[in-house]
Amino acid sequence: MTNTPSFYGRRWHDMGGSKAGPILDETHDFALWEKRVDALMVLCSGKGHFTVDGLRRALEDMGEAAYEEMSYYERWIATISQNLIEAGVITQSELADRMAQVAVRGDTYGEASRA
Amino acid sequence: MPHDHHDHDHLSPSDHPYRSDDDVPLTYWQQMEIALRELLIEKGVTTPEEIARQIDAMDARSPANGAALVARAWTDPAFKERLLQDASAASRDMGFDIGPLRLIAVENTAQVHNVIVCTLCSCYPRNLLGLPPDWYKSRAYRSRTVKEPRKVLFEFGLTLPDETTVRVHDSTADMRYIVLPARPKGTDGWDRDRLAELVTRDSMVGTGLPSTPA
């Protein structure tokens, strides 16, 4: 290897013991779209369309940038979608086409949620 | 900050800025959630009602469930034994629908203080206590708790005696923990409901202690 590896024997998500700043005692009320992501995860895994390990693998493959730049449920919806595509429940083009339709329905989540 | 708000195209009908949660433009990931949900409904994988029921079920879970377990363990030695042996079974005995959660209760004593974390992701006894607070999922909490737990606890306002052993439990998706805090002094003769009011979420994560009797 000519490049210096960006990690030494462990991947980015394996962060126990790493240096980090203060813990901010913060929390937020979950938005409806976040609760829906959570519900889709529980329902789809409960019906056997993917496993927790499948979700974890997709999450961990997203890399460090995703962890720093995306919110928790943003990472979840990405990994749920990927697992459902891999399982053959939906196709990538179905998802892309529907997202394009959703995007032009309105400027806010509420407007776009109304099919 | 209304006085910094120069974008008058985005005022509500009453000429006030929209609340920030209504004001945000639709994001790419929200589009994905909407699109995925619609496709799953159309394909018969789930229904809008099932999704709504699942959201209600998760919303109904809260630290109060854990507080009821703890308060019973404080007053019922046989139950405490069962809780420490098999916390999943003890939770189900109390009527809590915890799904497939495998739960392990760890007891705080005069000698030992327990803290839970998930360094690899965000595993939390969510099927009993509800969704975790944001800080539990934060990089700072996940990274530091296994390395410098006393410093982390100090930041949560908890200073433990030097002679207390601090035991950190790293959760996984298949094995999650709940701390059984020590019963506060001055609560002799209290009934379970009154005791449960002292049991905070953080006292069951180990980043806090139960409230002290007023």
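Let's start with a charge over a ring: B:Lys137 lies over the face of A:Tyr72, 3.6 Å from the ring centre. To count, NZ of Lys or CZ of Arg must be within 6 Å of the ring centre and within 35 degrees of the ring normal. B:Arg194 sits over the face of B:Trp190 too, at 3.7 Å from the ring centre.

This is a predicted model, where local features need pLDDT of at least 70 and side-chain atom pairs count only at pLDDT 80 or more, while totals for chains, interfaces and linings use all residues. Residues are numbered from 1 along each chain as its sequence is written, chains are lettered from A and ligands numbered from 1 in the order written, and side-chain values use heavy atoms, leaving out hydrogens and water.

Now for rings with rings. The whole structure has eleven aromatic pairs over all chains. Rings of Phe, Tyr and Trp (its six-membered ring) pair if their centres lie within 6.5 Å; planes under 30 degrees apart count as stacked, over 60 as edge-to-face and the rest as tilted. Here are two of them:

| Pair | Centre to centre | Angle of planes | Kind |
|---|---|---|---|
| B:Trp135 and B:Phe156 | 4.7 Å | 65° | edge-to-face |
| B:Tyr136 and B:Tyr141 | 5.6 Å | 40° | tilted |
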